[in-house]
Amino acid sequence: MKIVIAPDSFKESLTAEQVAQAIKKGFEQSIADVECLLCPVGDGGEGTVDAIRHSLELEEKWQEVTGPFGLKEPMRYFQKGQIALFEVADLVGLGKIPQEKRNPLHIQTRGIGELIRQLIDQGMKEIYIGVGGTASNDGGIGIAAGLGYRFYDKNGKELPACGQTLLEFVSVSNSNLHRIPEDVKIRILADVVSPLCGHQGATYTFGKQKGLDPALFETVDLTVQRFYEKLSPATLSLKGAGAGGGIAAGLFAFAQASIVSGIDTCLDLIDFDEKVSGADLVIVGEGRLDCQSFVGKAPVGVAKRTPNGVPVIAICGSLSEDLPPLPFENIEAAFSILEKSEPLEDSLKNASLYLEHTATNIGRLLNLRKD
């Protein structure tokens, strides 16, 4: 039996590679003749670049940029020839910010714009950026600052590149702007199709999980809207602009980047269609399968690319109550790995073991079917 194991990462717990390894271990314990092909994926969120880098044989490099709290720190990226990939979560990912410091209006993303400038100076012509999993909600103002825009309050004082600035700035200068050459193509690997503003936008959809007080949603959302009405009105109607707390919007407006499907681009780059050929079963998964999984997330994206007749099973950290009845989107069955009621931190710590147990049990069911 050939099983293609193509999970996304489990946020704040396991990389996609670690998830795939745990599932493989479980199947090998319960199916004697199993062949497991590991195919970790990403949809633009955390772990996307790691999923792609091995297939493209990219070289890991580091560059010093401004970190989430304004101090210089190294950020990794991957390169081959004139192609570079990086993900913003490596600098401002939710898992990198201590719980007590999770205020998305104060997290700076200036370093992302700085890295883009440095990659262009190094001669990069294609830049792929994963924008999911961030701890910021700055509407993309940090990208603008990193590329050379400067923002000032009513007293002419320069403001830091964070979401709080959106509430205070009255003027902007682009005298130091680093313009993007026409022959440089920047592609945003987005894992959502959310617009930047409105009740389906970045603030209302993702603000709470990043630590933003719901009482501020309306104020922040309207402020972001006014910012783009002034500097880039077209951004407000762009699908996917809300990805990364608005980082996608900033990249589109200030770096002339284009938004592409993170999961489809990942699957193309790692030759998924070839790898799934001849498979008997495909396993997908993510930390939580919910209604958001239907708009650009990895499990559904992989399931849609799986050939007809090949069953797809989802193994996830948890399953939301808002899911439609199975089967849906080519997914025949879905399993939560949770084995008991326990604190979230314990579930995250035990995720690898729970994945292994779940895969073992599914393998035993498959054996019954063969018998």
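Modeller: Gladly, and please keep in mind throughout that this is a predicted model. By class, the residues that line the largest pocket divide into 11 nonpolar, 17 polar and 13 charged.

Colleague: How does one find such a space, and what is the volume of the largest pocket?

Modeller: The general idea is that rolling a probe the size of a water molecule over the atoms shows where empty space is left. In this case the largest pocket holds about 1100 Å³ of space, and its lining is made up of 41 residues, with Lys11, Glu12, Gln209, Gly287 and Arg288 lying nearest the centre.

Colleague: Which helix gives the most to the lining of the largest pocket?

Modeller: That is helix α13, which spans residues 344–349 and gives 3 residues to the lining.

Colleague: What should I know about the second largest pocket, and how many residues line it?

Modeller: The second largest pocket has a volume of about 250 Å³. It is lined by 18 residues, and those closest to its centre are Thr15, Glu46, Gly47, Glu87 and Asp90. Sorted by class, this lining has 4 nonpolar, 6 polar and 8 charged residues.

Colleague: Turning to the helices, how should I read the packing of α10 and α12?

Modeller: One reads the angle together with the distance between the axes: helix α10 (residues 262–269) and helix α12 (residues 298–305) pack at about 50°, and their axes are 9 Å apart. Because of that angle, α10 counts as oblique to α12, and the crossing between α10 and α12 is right-handed. On the α10 side the contact uses Ile263, Asp264, Leu267 and Asp268, which meet Ala298, Gly301, Val302 and Arg305 of α12. Among the residues of this contact, 4 are nonpolar, 1 is polar and 3 are charged.

Colleague: And are α8 and α9 roughly parallel or oblique to one another?

Modeller: The axes of helix α8 (residues 217–231) and helix α9 (residues 247–255) come within 12 Å and cross at roughly 15°. An angle under 35 degrees counts as roughly parallel, so α8 is roughly parallel to α9. The crossing of α8 and α9 is left-handed, and it brings Phe227, Tyr228 and Leu231 of α8 into contact with Ala249, Gly250, Ala253 and Phe254 of α9. That contact has 6 nonpolar residues and 1 polar residue, with no charged residues.

Colleague: Finally, what should I look for in the backbone itself?

Modeller: The background is that most residues other than glycine have a negative phi, and most peptide bonds are trans. Here the peptide bond from Leu326 to Pro327 is cis, with omega near -5°.

Colleague: Where is Pro327 found, and what is the phi of Glu329?

Modeller: Pro327 is in the loop between β14 (318–319) and β15 (331–336). Glu329 also lies in the loop between β14 and β15, and, although Glu329 is not a glycine, it has a positive phi of about 50°.

Conventions
Residues are numbered from 1 along each chain as its sequence is written. This is a predicted model: local features need pLDDT of at least 70, side-chain atom pairs count only at pLDDT 80 or more; totals for chains, interfaces and linings use all residues. Side-chain values use heavy atoms; hydrogens and water are left out. On a 1 Å grid over the protein atoms alone, a cavity is a set of points where a 1.4 Å probe fits but cannot get out, and a pocket is an open set with protein on both sides within 12 Å along at least five of seven lines; lining residues have an atom within 4 Å of a point. Grid points are joined across faces, edges and corners, and a volume is the space filled by probe spheres set on the points. Helices (H or I, at least four residues) and strands (E, at least two) are DSSP runs, numbered from the N terminus. Ala, Val, Leu, Ile, Met, Phe, Trp, Tyr, Cys and Pro count as nonpolar, Asp, Glu, Lys and Arg as charged, and the others, Gly among them, as polar. Axes are lines fitted to C-alpha atoms, for helices over the stretch in contact, and angles run from 0 to 180 degrees between N-to-C directions. Angles under 35 degrees count as roughly parallel, over 145 as roughly antiparallel, 65 to 115 as roughly perpendicular and the rest as oblique. A crossing is left-handed if the near helix is turned anticlockwise from the far one by less than a right angle, and right-handed if clockwise. Contact means heavy atoms within 4.5 Å.
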